[in-house]
Amino acid sequence: MENEISDVKDYKLSFHGEGKTFFGIIIVNWLLTVITLGFYYPWAKAKQLQYMYGSTALNGDRFAFHGTGKEMFVGYLKALFIFGLIYGILILSVYFDYLYAGIIFFYFAIFAVLPFAIHGSYRYRFSRTSWRGIRFGYRGERNELFVNFFKWIFFTVITLGFYSSWMEINLRKYLLGNVRGGDVAFKYDGKGVDYFVLTLGGSILTMLTLGIYSFWYYKNLFAFYVDNLSLEKDGKEVQMKSTATGGDFFKLFMLNLLILVFTLGLGYAWVATRTMDFVFSKIQMEGDIDLDTILQTEADYTDATGEDMSDFLNIDII
Amino acid sequence: MSKTPAIYFDGISSIPRKIELILDEQQAELVFVTADINTLHWSIEEISFEHIGDTLEIRHVSNASSVIKVNDADFISTFLFFLNKNGHVGWYYKLLHLGMKAYISLAIVILGLIAGGYLVVIPWVAEKAVLIIPMSYDMNMGNTFYHEYVSENDIDSVKTAALNLFAQQLKLNNTGELHFTVVNSTTVNAFALPNGDIIVFTGLIDLMKDYEELAGLIGHEVSHVNNRHSMKMLCRNLAGYIFISAVLSDVNGIMAVIGDNVHNLQSLSYSRQFEQQADEEGTLMMIQSQINPRGMTDLFTRLQTDEKVILPTFISSHPITTDRIKTIHKLIQQKTYRNIYKPELEKLFREVKN
C-alpha cells in the first residue's frame, strides 16, 4: 500500500482593510481626479487596488499589488487610442453614408476587443500581484482565447443563448486554469450543465418568491465559484470551500444597502471593505500544499492596456 | 541605529526567513544579513514601502519581489519619522494620513467644487456651445420631430392658416421663420420646436376667452424659439451628464445614480429659468404689439383654476404657477403700455377657436 498520509495544513484567508482608511483613499483619489480633470484616474485605480490587495492576507502574509499609475496611464492612453479608432471609423462611416457597414464593423470590433481586453487584464493584474514575494501569473494564450471566445459566442448565438452558461464556465475554466502563483497552479472544475441548472432554477425561484430567494441564489453562485476552485502543486492540492449561507448574504446585502442609503453613497468605502471581509472569511481552504515551499516562476509583465480596455468596457476581472 | 526582528522573502521561494533589520540613519540605509550570509544594504533612496494596518512592507526598486516585512510598531514609527525628516515620504502618503476630519472637509470642498462647476461652468459652457452650433442643427432637429410626430396628427388646415395670419400681426422679434400648426385634439397643450414650428392643440385654444390670451401663448412659445431654449437644454443636459459621470464614475455606481437624480432636479430648475424668460419676453412682445399683457396672466390663471384641466407641460412642471403669475404682474406694473383693441385679431381668434 502506497497510501501516503500527507499532513493536512492550516490555511487562513483574511481581510484587514478598514472602511475608515479606504474612505481616505477614495476621498484623496477623488480630489486628485477632480483637480486633474480625470487624468489621475489610472493612479487612483492603482492606489485602490494596492490597498485592497494589501489588506488581504493568507496565513497572515499580505498580498501585494505592484501595478503603478504610470503603467496604467500608458495602458489607458493605448486603450483610449483603440476605442478612439473604433468610434472614429463609426463616425466616418456615418459621415460617408455607410451607416450599416459602420454599425456592423463597430459591434464586430467591440466583440473582437473583448477577448484581448480580458487576456491583457488577466496578464497584467496577476503578474503585478504577489504573495511573500512570489509573483502570480496568467499563462493563457491570446490567440487560443480569441478563437475559443468566438467559437463559444457562435454556439451561444445558434442555441439562442442557451449555451451562454457553458460559455461562461468554459471561459472561467480557461482563465482560472491558467493562473499560477509561483509553481502553484489554479484549477476550476465547474460544469456548464450544473451552472445552467443552477442559474435557471435560481432565476425562476427568485421570480416566484418576489426576490426573497435571491440571497440563497447568491449563496449558490458563490459556492459554485469557490467550491470548484482548487490549487495544485507537485501532486498536492488545496481545495476551497464556501461556508456562506443564504442568511449571511441576506445580512450582508441588507446592511450594505442601509449604509449606502443613509450615507447617500459616501459609505461605499465601508460597504466595499465589509464585503471583502465577508468574502474572505467565508472561504475555507483544506489541503496539503506547504506554503513555505512555493517557488518563483512567473515573469514580470508591465503592459496595462488590457486592464484599461476592460475598464472602458466595464468588465470586472474575476 | 534601530534594530528589529523582521521577515525577509528573497523573491525566489516563499520561505519566510528571520532577519535582524537595522536602520542605519548615518548612511541612510537598511542593513540585514540574508540566510546565505550576504549583507545587503538598501539605500532609502532605492526602496518603496507600503504601510497597511500594523504591517510595514519594504521593497527594493530593482527587484519588487524581495520583501521585508516588519510588525514592530516602534521600529515602524522610527523608520517613518526618519523618512519623513529626510523628505522621503511622498505627498500622497501625507495626504492619506490627514485623518477623518480632513477627509470630511475635503469631501465637502470637492462637493463644493463640483456644485460650483455644475451650477456656473456648465450653463456657461452650454450657452457658448450653442453659439457655435449652427442653426441648421436646430432646423434638422425640429424638422425631424415635426415629420415623425406632428404630421401624423389631425392638423386643422383652416385654423392653422388663421393662426399664422394672427401671428403675423404681432411683433415677435423673431430672427428665423415661424410656422404655426393647429392640431385637433382634446389635449390641453402647446409647444415650440427649435426650427420655429409651434404646435397648438385645440384643447388649449378652446379654453381661451379672448385673443389677448392667444397672443400671450404665442409670445411665450416664440421666446423659446428665439432663445434656442431647446438646443440650450440639450447642451446643458449633455454637458451636465458628461460632467457628472466624469467626476463620479471613479467613485462608484451609487454615486452616479445619486448624481443623475441631482442632475434631473437641476434640469428642472434650468427649464424654470427658461420658462420665466419666455414669460417675460412674451409679455414684452405683447406690450410692443399694443396688446393687453394681462392676457398672459389671464391664461395662466384660467388654466390653474380650471379643475378639469390637467395642467399642460408649458405651465405645470415648473414651479409654482402662482409665482410666475406674480412675476408677470410685477413686470406689467413696471411697464407703461397702451393697449388698443384690434378687431382683425379678434376676427382671426374667432376663426381659430370657432
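1. Ground rules. This is a predicted model, so treat everything as computed: local features need pLDDT of at least 70, side-chain atom pairs count only at pLDDT 80 or more, and totals for chains, interfaces and linings use all residues. Residues are numbered from 1 along each chain as its sequence is written, while chains are lettered from A and ligands numbered from 1 in the order in which they are written.

2. Chain B overall. You get 13 helices and 10 strands here (DSSP runs numbered from the N terminus: H or I of at least four residues for helices, E of at least two for strands). Of the 354 residues in chain B, 31% are buried, meaning that 20 or more other C-beta atoms lie within 10 Å of the residue's own; 12 or fewer makes it exposed, anything in between partly exposed, with C-beta atoms placed from the backbone. Take the contacts in chain B between residues at least 6 apart in sequence, and 60% of them join residues at least 24 apart; a contact is two C-beta atoms, placed from the backbone, within 7 Å.

3. The sheet in chain B. Seven strands form an open antiparallel sheet, ordered E4-E3-E2-E1-E7-E6-E5 (strands pair if DSSP finds at least two bridges between them). Strand E4 (39-43) and strand E5 (47-52) of chain B sit at the edges, each pairing on one side only. From one strand to the next the twist averages 30 degrees, using axes fitted to C-alpha atoms and angles from 0 to 180 degrees between N-to-C directions. Inside the sheet, E6 (residues 55-60) and E7 (residues 63-70) of chain B run antiparallel and share five bridges; one of the pairs is Glu57(B) with Lys69(B).

4. Cores. The largest nonpolar core has 41 residues, and Leu163(B), Phe166(B), Ala167(B), Val200(B), Leu214(B) and Val352(B) have the most contacts inside it. A core here is a set of buried Ala, Val, Leu, Ile, Met, Phe, Trp, Tyr and Cys residues joined through C-beta atoms within 7 Å. Helix H7 (residues 211-226) of chain B gives the largest share, seven residues. Leaving aside neighbours within four places in sequence, Ala167(B) touches Leu172(B), Leu178(B), Phe180(B) and Ile218(B). Another core, of 20 residues, lies apart from the largest one and includes Ala46(A) and Met309(A).

5. Strand E8 of chain A. In a regular strand the side chains alternate between the two faces of the sheet. Lys233(A) has Lys236(A) as its bridge partner in E9(A). Two residues separate the strands of the E8(A)-E9(A) hairpin, where Asp234(A) takes a positive phi near 45 degrees.

6. The interface. The contact takes 40 residues from chain A and 34 residues from chain B. On the chain A side, H1(A) makes the largest contribution, 12 residues. That side divides into 20 nonpolar, 15 polar and five charged residues (Ala, Val, Leu, Ile, Met, Phe, Trp, Tyr, Cys and Pro count as nonpolar, Asp, Glu, Lys and Arg as charged, the others, Gly among them, as polar).
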